[in-house]
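Hi,

Here is the structure we talked about passing on.

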Amino acid sequence: MITLKNVEKSYKTKAGFTYVLRQINLEIGEGEFITIMGPSAAGKSTLLNIVGMLDHDWEGEYTLDGQAVHALKPKDRQALNRQYVGFVFQAFNLLDSLTVYENLDVPLSYRNVKTSQRAAIVCDTLDRFGIVGKKDLYPSQLSGGQQQLVAIARAVVASPKLILADEPTGNLHSTQGREIMKLFKRLNEEGATIIQVTHNEEYAAYGRRIIQLKDGWMDGEITPDQLLGKAR
Amino acid sequence: MGTLWQDIRYGLRTLARNPGFTTVIVLVLGLGIGVTTAVFSVVSAVLLRPLPFPNVDRLVMVWETEKGRPGSLEAIMLPQFLDWRDQCPDFEAMAFFEWGAWEETLTGVEEPARVVGARIDPQFFSVLGVVPLLGRPFTAEEGREGGPPVVILSHGMWTRRFGGDPEIIDKTIVLNQKPRTVVGVMGSDFRHIGTADFWMPFPMNIDSVAPVGPGAGRGAHGAYVVGRLKPNVARARAEADLEVIAKRRTQYPVFEPDRGVRLTSLHEHLVRDSRRLLCVFQAAALLVLLVATANVANLMLVRSETRSREMSLRAALGAGRARIIRQLFTESSLLALMGGSLGALLALWGAAGLGKAAASFLPRMEEVNLDWRVLAFTSLVSLMSGLLSGLAPAVRAMRMDPNECLKEGGAVRGLVGSHRNATRHMLVIAEIGLSLVLLIGAGLFLKSFVLLNQVRLGFDPKNVLVAQVPGVSEALSGPQGPELLERLSSLPGVQAVGAATALPPRHSGTQMDMTIGEDPVEHLVCRQEVTPDYFRAMGVPLVRGRAITEQDVEGSPHVVVVNETFVKRVCGGVDPIGKELVIHPDNPAIPRRRSIIVGVVRDVANQTLLGATEPEAYYSYRQGGIYADSLVLRIGSDPWPMVIPVRDAIQETIGKDHPIAIETMRERLAGSILPQRFQTIIIVLFSAIGLALAAVGIYGVISYSVAQRVREFGIRIAVGAQRAAIMRLVVRRALWLVAGGLALGLTGAVALTRVLRTFLFAVAPLDAVTFATVSIFLGSVVLLASYLPARRAAKVDPMVALRYE
Ligand SMILES: Nc1ncnc2c1ncn2[C@@H]1O[C@H](COP(=O)(O)OP(=O)(O)O)[C@@H](O)[C@H]1O
Ligand SMILES: [Mg+2]
């Protein structure tokens with residue numbers, strides 16, 4: 001589904017160009033569950049943003065479901081983002097002034113979904129995530145785990161084929177984290193392609209492929225078994 | 001005291017650290033305070049400062065009124081005045097004077113000049129309680145017909161025309177070619193009620209009580225009466241006594257039974273026509289100040305938010321709430337002080353400008369200055385706006401929980417934030433609302449002024465010169481008349497020359513009772529005399545019959561030409577040509593004048609541009625003489641090159657001693673609506689300032705809220721929002737503010753514009769077109785001001801906004 005060829009990203013600084021990503025070549029099939037690992041500032045978030053088409057300023061080739069993203073105008077990339085991608089962030093990034101229900105409704109409101117359908121979809125999703133009882137609460141009235149649950153619900157409410165999760169468990173304690181990972185597993189089994197970034201090896205092992213990133217370079221790819229074995 | 005000084009020092013340092021912020025606030029406040037102070041300096045000079053006469057509260061003007069219409073104040077008939085003066089016990093003294101200008105030509109000096117005087121009763125100065133600086137007041141003897149020709153000079157005329165000659169007393173000056181002896185010079189602080197360069201006695205024939213001069217019949221209401229009440233005499237009692245005396249009169253002219261007497265203070269009479277206008281100006285200026293204050297309050301609020309950490313720190317370090325609030329007020333007071341000083345400077349300049357611009361139609365304009373009263377007002381206003389603008393941040397500081405602020409938790413931010421926004425939004429709504437009231441006022445004035453300029457004149461003002469020539473009446477009425485007209489019409493380029501008693505658009509001639517033949521119904525008709533070519537010179541078309549000709553002289557049958565309104569109102573639309581028009585003088589002793597109507601001319605705007613045209617009758621200047629001060633010349637092309645040849649020709653015919661002022665008819669028309677022009681410019685200027693402040697205000701608020709919501713926009717973009725959707729989000733908020741502001745402003749305008757009715761010409765105070773146009777205009781400006789921050793919002797980079805450290 002995703003093909004990255006020689007993707008590079010640099011920032012212009014006073015000292016010249018600083019590369020954040022170098023020669024990224026990656027092939028990801030539909031329905032895969034990928035983990036990206038690497039030290040801080042390795043470029044993980046940057047890579048995720050490029051794949052999620054929030055970032056338009058990079059070089060190389062990126063093909064998504066047969067469409068050459070690198071050749072698209074920003075506006076069309078955004079359209080593609082809306083069609084394919086759901087984002088989950090470490091900081092939850094819910095809208096504080098909206099209720100849980102309204103937070104879930106926001107992505108649909110940007111996607112030409114009929115109002116009548118929107119309510120049905122939001123209720124469905126609330127149900128699926130077991131947060132119907134929380135629908136009228138504000139984010140500030142929820143625990144961190146509940147907030148991330150809502151954030152994931154918001155990421156999938158528009159049925160994206162691709163879920164991008166940037167350290168989704170970074171702000172959660174372990175029980176909450178495990179719940180979230182189980183949820184990702186279920187979503188993956190239901191057909192979603194998932195790319196997650198994490199520092200936690202236990203959670204990393206939920207991915208079928210683990211891609212290592214270091215100083216912007218791809219630093220090999222291992223399986224969960226290799227990761228866990230190495231840890232032992 | 002020590003802590004106060006510390007607060008001040010700290011406040012100054014804080015302000016100096018944010019020079020941009022401080023400058024903007026001082027400018028905004030200075031503008032608001034400057035406008036308010038400038039207007040107040042005029043209000044103070046005209047309305048508040050007492051007239052400079054001793055015991056001025058006992059000085060009154062005496063009027064005849066129509067019972068049941070207390071607003072109708074009429075001047076007094078001279079015989080009536082004499083009865084009162086001699087019989088009423090309530091007054092220490094009473095005097096009369098002629099209202100308005102008595103123009104004469106001063107000669108025998110280097111340059112002949114037109115000077116404006118007033119004719120007065122010899123008692124006039126002593127009633128007011130003033131004595132001349134040099135010389136003496138008039139004696140009773142000098143006030144009689146045939147008395148010695150004397151004059152008292154104003155300080156201004158004495159210094160301007162005679163170089164302040166200390167030996168001027170008993171010297172002779174020449175006014176209208178007649179020598180007059182100077183008996184006195186008034187001090188520089190004395191100002192006539194109205195304007196006057198000099199005073200002469202009103203020549204009265206004490207036996208027949210018939211004053212001499214045009215328009216001064218015994219029955220004429222020509223005297224303005226000023227009296228000094230005895231101490232402790234109530235006005236109501238004096239009014240009653242005067243009425244009793246008046247009704248005792250049995251001789252002509254009698255005091256009609258449906259008439260009454262009214263006293264007004266001298267001051268009130270002087271400012272009567274200006275009070276309402278000045279109140280409107282002051283209200284408009286205060287609106288500008290309120291908009292400015294709301295603006296400053298908003299800026300202070302925004303800044304107090306960026307300073308909340310500092311405030312919490314101070315609280316954590318043990319500063320009590322009172323102390324923090326005092327600090328905030330110290331800062332806003334310092335800003336108000338600076339704004340006030342700037343405002344006073346702006347006002348100094350603005351007040352001088354206002355005084356000069358309005359000198360020809362507002363009284364006491366030469367007294368406009370920044371005195372203690374004005375400065376006290378400025379200080380008060382500055383202090384108030386300082387307090388008002390410091391209020392919102394102070395209330396916030398009072399509500400503040402230091403712990404919360406230091407934690408700066410993400411969760412609580414949403415709730416507190418929306419609460420803070422509410423105050424800011426309310427301030428912006430108030431700004432928009434106040435500006436709308438100002439703008440609607442301006443719109444009404446503007447529309448009215450435009451309509452005023454489109455009034456159907458009835459004549460063609462293009463390429464017409466008007467030459468004001470004092471003393472031209474004598475020339476025209478004498479044998480020189482036809483020669484003067486002939487000489488001017490033969491100048492190359494001049495197409496026609498004429499003269500009339502009164503030129504449009506000002507009130508023309510005298511209104512007199514007239515009848516058609518022996519028909520008993522009397523009609524009030526404006527009467528004036530014209531020369532034959534007057535209608536051609538003005539470009540007034542003849543509708544029927546013929547115009548006045550050179551053959552219409554004394555000895556041949558008297559003829560008259562009327563206007564279309566005359567035909568409509570007096571003749572009921574029937575062709576009047578050939579009918580007899582009879583003038584019925586007030587005094588039965590004067591014989592009636594009978595003339596044949598020979599022509600009808602098109603209506604001319606003859607009641608200034610503001611009033612509806614009145615019936616008018618034009619008589620021949622050679623059948624009874626003419627009283628005119630101007631000649632009208634129609635020029636074939638651009639009239640300007642003709643000014644000097646025309647002046648030379650007039651002076652060569654009637655003598656060099658006539659000062660001549662020549663203007664184009666267009667200038668004259670513009671001059672006639674100078675007050676309206678002034679009102680319109682002032683209100684439009686104020687509303688422009690209000691609009692600019694409101695636009696800046698909304699720009700600031702929307703910008704700030706965009707800055708606050710960067711993270712939210714980032715999230716929305718990350719979950720799929722298009723740029724347009726983000727812009728809509730921002731503009732929608734602005735739209736709500738605009739809607740709120742318009743609702744507030746329209747309500748205010750509906751309530752307030754009715755006071756403008758008297759100033760509006762052909763426009764209703766609730767003119768729907770103006771209300772709608774102005775609302776749309778203001779809404780668009782405000783939305784434009786929010787468009788810039790909205791574009792910034794749409795450019796938010798989600799990666800930057802959501803970067804999690
Ligand atoms: N806007 C930016 N300008 C300059 N450098 C940036 C910018 N954003 C990110 N970087 C740099 O790019 C590198 C990779 O960042 P990021 O992808 O967020 O790393 P990770 O998510 O792996 O911790 C870091 O060194 C970071 O400082
Ligand atoms: Mg990261």
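Let me start with a residue in chain B: Arg602(B) counts as partly exposed, at 31% relative accessibility (buried means under 20% relative accessible area, exposed over 50%, partly exposed in between, with a 1.4 Å probe and protein chains only). Before going further, the ground rules: this is a predicted model, where local features need pLDDT of at least 70, side-chain atom pairs count only at pLDDT 80 or more, and totals for chains, interfaces and linings use all residues. Residues are numbered from 1 along each chain as its sequence is written, chains are lettered from A and ligands numbered from 1 in the order in which they are written, and side-chain values use heavy atoms, with hydrogens and water left out.

Back to Arg602(B). It forms a salt bridge with Glu564(B), with 3.7 Å between the closest N and O atoms (a salt bridge is a side-chain nitrogen of Lys or Arg within 4 Å of a carboxyl oxygen of Asp or Glu). Arg602(B) sits in the loop between strand 23 and strand 24 (616–620) of chain B, and Glu564(B) in helix 16 (residues 564–569) of chain B, so the pair ties together parts that are 38 residues apart in sequence. Helices (H or I, at least four residues) and strands (E, at least two) are DSSP runs, numbered from the N terminus. Glu564(B) is also partly exposed, at 25% relative accessibility.

Strand 23 itself deserves a look. This strand of chain B (residues 593–601) is mostly covered, with seven of its nine residues buried. Which strands pair with strand 23 of chain B? Strand 21 (residues 559–563) of chain B runs parallel to strand 23 and is joined to it by five bridges; Val560(B) stands opposite Ile597(B). Strand 22 (residues 580–584) of chain B is antiparallel to strand 23, with four bridges, and Glu580(B) has Ile596(B) as its bridge partner. Two strands pair here if DSSP finds at least two bridges between them.

On to charges elsewhere. Over all chains, the structure holds 43 salt bridges. One of them joins Glu243(B) and Lys67(B), whose closest N and O atoms are 2.6 Å apart. That pair links distant parts of the chain, 176 residues apart: Glu243(B) is in helix 6 (residues 235–247) of chain B, and Lys67(B) is in the loop between strand 1 (59–66) and strand 2 (69–74) of chain B. Glu243(B) is buried, with a relative accessible area of 18%, while Lys67(B) is partly exposed at 45%.

Helix 6 of chain B also carries Arg237(B), which is paired with Asp90(B) in the loop between helix 3 (78–87) and strand 4 (91–97) of chain B, 147 residues apart. Arg237(B) is partly exposed, with a relative accessible area of 45%, whereas Asp90(B) is buried at 0%. In chain A, a network of salt bridges links Glu32(A), Arg209(A) and Glu221(A).

Now the interface. Chain A brings 22 residues to the contact and chain B 19 residues (contact means heavy atoms within 4.5 Å). The two chains bury about 2000 Å² between them, 56% of it on carbon and sulfur atoms; buried area is the accessible area (1.4 Å probe) that two parts lose on being put together, summed over both. How many salt bridges are there between chain A and chain B? The count is one: Asp96(A) with Arg711(B), the closest N and O atoms being 3.7 Å apart. On the chain A side, helix 2 (74–84), strand 6 (85–89) and helix 3 (100–109) each supply at least two residues, and helix 2 of chain A gives the most, with three residues.

Asp65(A), not a glycine, has a positive phi near 50 degrees, and is found in the loop between strand 4 (59–64) and strand 5 (67–68) of chain A. Phe92(A) has a positive phi of about 60 degrees, again without being a glycine; its place is the loop between strand 6 and helix 3 of chain A. Asp65(A) is partly exposed at 32% relative accessibility, whereas Phe92(A) is buried at 10%.

Cheers
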